[in-house]
Each structure stands twice: as structure tokens, then as C-alpha cells.
Amino acid sequence: PLFLLQLYLKLKISVWVEDNLPHFIKILFKGDRAMKWLLVLVAAIAGGLLPTQAGINAQLAKNLGHPLLAASVSFGIGAIALILYTIVFHISLPPLGQIKQIPWYLWVGGILGTIYLTTTIVLAPLLGAATMIGLIVAGQMLASIALDSFGLVGFPVHPLSFWRAIGAILLIVGVALIQRF
């Protein structure tokens with residue numbers, strides 16, 4: 001009975017969060033600096049999961065005998081976790097007509113994810129965590145600047161400025177230092 005009550009409360013809270021989170025986040029971003037820093041911390045922690053995931057998956061590849069097997073297992077377990085999450089929190093698909101109207105290129109995110117995951121599985125033991133993640137972050141930064149500058153894949157246009165270019169250059173220099181030393 002206590003377990004069912006806890007589950008019921010978690011579901012009620014998750015429904016409230018799902019219904020109210022966009023409005024709640026807008027309120028938080030209007031002036032609450034502490035919440036902004038909390039969100040930055042959460043993003044940094046999520047970023048810290050990437051090298052951990054790469055190391056775990058590289059070890060899985062070593063044990064399974066091939067990086068693609070490790071990537072398949074990793075994606076499979078992740079897919080199961082996401083499916084369970086959507087079931088538990090009652091997240092439903094939009095109508096089929098709406099799904100059919102989604103442009104084809106918006107479906108390639110999973111393919112890009114498999115390329116990223118498999119690449120990290122192969123590179124992690126060869127480059128080490130710091131160099132690999134440094135290069136990945138540098139690549140992400142350069143791609144992000146291009147996406148922002150041209151407003152690609154739904155991003156608002158944010159032109160390349162002198163200081164953004166300096167930041168990207170410093171990031172690349174930092175990666176070179178990490179790799180060299």
C-alpha cells in the first residue's frame with residue numbers, strides 16, 4: 001500500500017511537472033539567478049556523463065568483441081528505458097497525420113546518435129577521455145557556431161562575433177594543450 005501511494009504521488013507530480021514545466025521555466029528564467037546556475041550545474045553534470053558513457057561502452061565493446069555490438073546494446077537499453085519512461089508517465093504519440101507531416105530530415109537524429117556513440121566507443125581507448133571529449137566539444141562548438149550563424153535546423157540566427165570566434169579559438173587551443181600534455 002505504501003509503495004502504491006508513493007507511485008501514485010510520483011505520477012501526480014510528474015503530470016503536474018509535464019503540464020506546467022514550460023511556464024515554470026519561463027518564470028525561473030525571468031530573474032532567478034540561482035536557478036540559472038542550478039540549470040548550468042545540471043548541464044555540466046550531464047556533460048560529465050559523456051566520458052563516463054564512452055568509457056563504459058568501450059569496456060562493453062571489449063567484452064562483446066565489437067564496437068557496433070556495444071553501440072547496439074547501449075542504444076537498445078536506452079530505448080527500453082525511454083519506452084518505460086513514456087509508459088509510466090503516460091506520454092502519448094501525436095496523431096498519425098501529424099507524424100506524417102514531419103520532414104524526413106528530422107528523423108535522422110537517431111542515426112547521428114549512433115555515429116556519435118560508435119565513434120566514442122572506438123576513440124575512447126585510443127585517445128583517452130580528456131582528449132576525446134576535448135575534440136568532441138571543439139567539434140560541437142564549431143558546428144554550433146555554424147548552425148547559429150546560419151540559423152540551421154531550427155536555431156535562431158546568432159551571427160558570429162569577434163568574441164565568439166575568440167572563444168572557439170581558445171577552446172581549440174585548450175584541446176591542443178590537453179592532447180599534447
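Tyr105 sits in the loop that joins helix 4 (96–100) to helix 5 (109–127), where helices are DSSP runs of H or I with at least four residues, numbered from the N terminus. Please keep in mind that this is a predicted model, in which local features need pLDDT of at least 70 and side-chain atom pairs count only at pLDDT 80 or more, while totals for chains, interfaces and linings use all residues. Residues are numbered from 1 along each chain as its sequence is written, and side-chain values use heavy atoms, with hydrogens and water left out.

With a relative accessibility of 43%, Tyr105 counts as partly exposed, a class that lies between buried, under 20% relative accessible area, and exposed, over 50%, with a 1.4 Å probe and protein chains only.

Let me turn to the helix packing, for which axes are lines fitted to C-alpha atoms over the stretch in contact, and angles run from 0 to 180 degrees between N-to-C directions. Helix 5 and helix 6 (residues 129–150) have axes 8 Å apart and pack at an angle of about 140 degrees, which makes helix 5 oblique to helix 6; here angles under 35 degrees count as roughly parallel, over 145 as roughly antiparallel, 65 to 115 as roughly perpendicular and the rest as oblique.

Helix 6 in turn packs against helix 7 (residues 162–180) at about 165 degrees, their axes being 9 Å apart, and that makes helix 6 roughly antiparallel to helix 7.

Finally, the axes of helix 3 (residues 67–88) and helix 5 come within 9 Å and cross at roughly 130 degrees, so helix 3 and helix 5 are oblique to each other.

Technical notes: Helix = DSSP H or I, 4+ residues; strand = E, 2+ residues; numbered from the N terminus.
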